[in-house]
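Here is a short walk through charged side-chain pairs. Keep the coordinates open while you read.

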Amino acid sequence: MKKKVLSIVVALCMVLGIAPTFTLPAKAATGDFNIQDGVLVYYGDEFGSPGPENVIIPNGVTEIGKGAFYSHYEITSVSIPNSVKKIDEEAFWGCSSLDSVVVPSSVTSIGKYALGYERDGQFHSPMKEFVIKGTAGSQAQIYANKNDFKFVALPNSKTAAKPHPYATALSDYFKDAKGFTAAYLSDINGDGIKEMVAEKGREDGAKTCRFFYFYKEKLRTYDKTYAQGNMFFSSNNNLIDYSYDMTKEYHILKIKNGKVMESSYFLKDYNNDPENPDYYQNKKKISKSVYDSLVKKYGLSDKNLFIAGTDRINRPDQTAQILAMTTTVKVTGITLNNTSLSLAKGKTYVLKATTAPANATAKTVTWKSSNTKVAAVDKNGKVKAIGKGTATISATATDGSKLKKTCIIIVK
């Protein structure tokens, strides 16, 4: 439409003998961008006319607006700059040829149907093979998990810490989630090692909960499915298996010899008289006052324990925090290819350091000479004999473990 209007104006100027003096809009290398106050309002023209296949969004754009790339089926790749903080609802809806995208960690908000959805009339159809790449624990991963898209974590650096086992396990657990998801951390044993509870919806409307914990340094799990109920951490760090119907039951769970076991339970029974329920603890009838004391003892007395009208625990969802958790594998040993060496003045020798274990997060070392007038060493371990005497060359782990290995250099 814009091109037709422009052609008419040019033709009119020629007929009237007037030289057109206007300036054409700037055209980016990958197409036209309508940007207003940092918001990319739309790409190409307002009618979604086809443009280049590969799109590079200009640096400085802070928000990709709703429907900005609506139905641009021709786009096969898009580069999103680190300046972008928000991707609005339906931003890339209908980009059926765009099968993957890298979302920078600067993005803190991704709207509904923003990425990975084709047009099916007026319906949003998820692209089954769509892949989102980004930083572990970022909004990109949260969006991918909630929409059942494959997520590929990109390393932050060459020595980036590895994802914590909880982060990897939670990501896998949420892959087939339907609807609500949440995860929480708590230390139920008081040993300084946190456990995790995660919950997710299912297609049949039920909910599954999984308890994650470590025993003898191995990650273990315990699952429970609820039609009505939840597994959660109470306000004073007890693990609770809660269910309700005509009874409201609280089962207190503990870890014993590596297994999750019930240590106690108590309930409120409405079956006989909804107005005057019965109370029980471990199959024995108790008074209301004893029941109330148990509720308080196990941290269940908060009136806002659950979100109103639901059985979801009323506490902040820690999913993003958990997905961002990393674990650092410290260096436990260093081996040198030589620990004692004689060199003639002017000669060189390359020391090589091997760190253990093989999966250490940072495997590098720093080199240092105790006497540079006798022997010098560079950052790669290359030693040069300078003058007669003895010097100690040390290789120190860079991961903070302070482990060191030395080689004695004798210069003749």
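In this predicted model, D292 and K288 form a salt bridge. Their closest N and O atoms lie 2.8 Å apart. Both residues belong to helix 4, which spans residues 288-297. They sit about one helical turn from each other, because four residues separate them in that helix. D292 is partly exposed, at 36% relative accessibility. K288 is partly exposed too, at 47%.

How many salt bridges does a search of the whole structure find? The search gives eight. Two further pairs follow.

Take D223 and R210. These residues form a salt bridge, with 2.7 Å between the closest N and O atoms. The pair links distant parts of the chain. D223 lies in strand 17 (residues 218-226), while R210 lies in strand 16 (residues 207-215). The two residues are 13 residues apart. D223 has a relative accessible area of 43%, so it counts as partly exposed. R210 has 23% and is also partly exposed. Buried would require a value under 20%.

Now turn to K86 and D88. Their closest N and O atoms are 3.7 Å apart. That pair still qualifies as a salt bridge, because the cut-off is within 4 Å. D88 is buried, at 12%. The 12% of D88 falls under the 20% limit for buried residues.

Terms used:
Residues numbered from 1 in each chain as written. Predicted model: local features only at pLDDT ≥ 70, side-chain atom pairs only at ≥ 80, totals over all residues. Heavy atoms only, no water. Salt bridge = Lys/Arg side-chain N within 4 Å of Asp/Glu carboxyl O. Buried < 20%, exposed > 50% of the residue type's maximum accessible area, 1.4 Å probe, protein only.
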